Amino acid sequence: MADASGLFALTGALGGVMISGLIGIGSAALNHKWQRQAAEQNRLVEQERQLRQERRETYANYWRAWNSLIRVLESSTDRTTEARERIAAAVTEWRHAIDPMFIVCSREVLNSGIEHLRTTEARIAAALEGRLLDGAGKTRALSRAMREDLWADQSPRHGTGSIHRTTHPHYSSAGNRYL
């Protein structure tokens with residue numbers, strides 16, 4: 001009888017150790033899976049953050065070059081050699097800002113950017129002839145597409161989905177409106 005109860009005790013102890021070991025192995029496997037998923041999620045979040053930052057810088061550089069070009073066009077309608085040289089330099093700077101924008105942008109920004117490019121090229125051609133074309137409202141579609149591109153997956157409930165108007169590159173505090 002003593003042998004049977006000892007055998008039962010030994011079987012129970014070994015069974016408990018085995019069950020504890022299986023639970024430990026299962027827990028470790030799940031922990032590894034969860035850590036791998038968390039690492040992948042963190043990598044994707046960081047990649048998205050870097051892309052958004054790169055787009056933000058590229059878009060700001062584009063608008064800086066474009067605004068400089070427009071200022072030159074508006075002040076260079078006298079058709080002199082000096083005016084043409086100023087226009088050519090501003091156009092070169094603007095064109096250098098276009099390529100990186102078209103490389104990193106979303107499809108919506110690309111489509112709006114192509115239309116904006118055509119409008120700007122018409123303004124350049126007019127300025128070279130000594131005329132000014134009104135471009136009022138022509139930048140809105142591209143600006144809107146860029147804002148949506150930068151903030152598309154930002155959640156307003158987390159406080160990151162709204163754009164602070166005074167820091168936006170196309171916000172005119174004088175007119176209290178977007179350009």
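**Elements.** I counted the secondary structure first: the protein chain has 4 helices and 2 strands. Reading from the N terminus, I noted the order α-α-α-α-β-β. The model is a predicted one, and I kept that in mind for the entries below.

**Whole chain.** I looked up burial next: 28% of the 179 residues of the protein chain count as buried. I then took the contacts with a separation of 6 or more; residues 24 or more positions apart account for 69% of them.

**Helix α2.** I checked the length of α2, residues 81-104. With 24 residues at 1.5 Å a residue, the helix should span 34 Å, and I found its end C-alpha atoms 36 Å apart, which agrees. I also listed the buried residues of α2: A83, I87, A90, V91, W94, A97, I98, M101 and V104.

**Helices α3 and α4.** Two packed helices are described by the angle between their axes and the distance between the axes, so I looked up both. For α3 (residues 107-128) and α4 (residues 140-151), the angle is about 160° and the axes are 8 Å apart. Angles over 145 degrees count as roughly antiparallel, and α3 is therefore roughly antiparallel to α4. I recorded the crossing of α3 and α4 as left-handed.

Which residues make the contact? On the α3 side I found E108, V109, S112, G113 and H116. On the α4 side I found A141, L142, A145, M146 and D149. Sorted by class, the contact of α3 with α4 has 5 nonpolar, 3 polar and 2 charged residues.

Methods: Residues numbered from 1 in each chain as written. Predicted model: local features only at pLDDT ≥ 70, side-chain atom pairs only at ≥ 80, totals over all residues. Heavy atoms only, no water. Expected span 1.5 Å × (residues − 1). Buried < 20%, exposed > 50% of the residue type's maximum accessible area, 1.4 Å probe, protein only. Axes fitted to C-alpha atoms, helices over the stretch in contact; angles between N-to-C directions. Parallel < 35°, antiparallel > 145°, perpendicular 65-115°, else oblique. Left-handed = near helix turned anticlockwise from the far one by under 90°. Contact = heavy atoms within 4.5 Å. Nonpolar A, V, L, I, M, F, W, Y, C, P; charged D, E, K, R; others polar.
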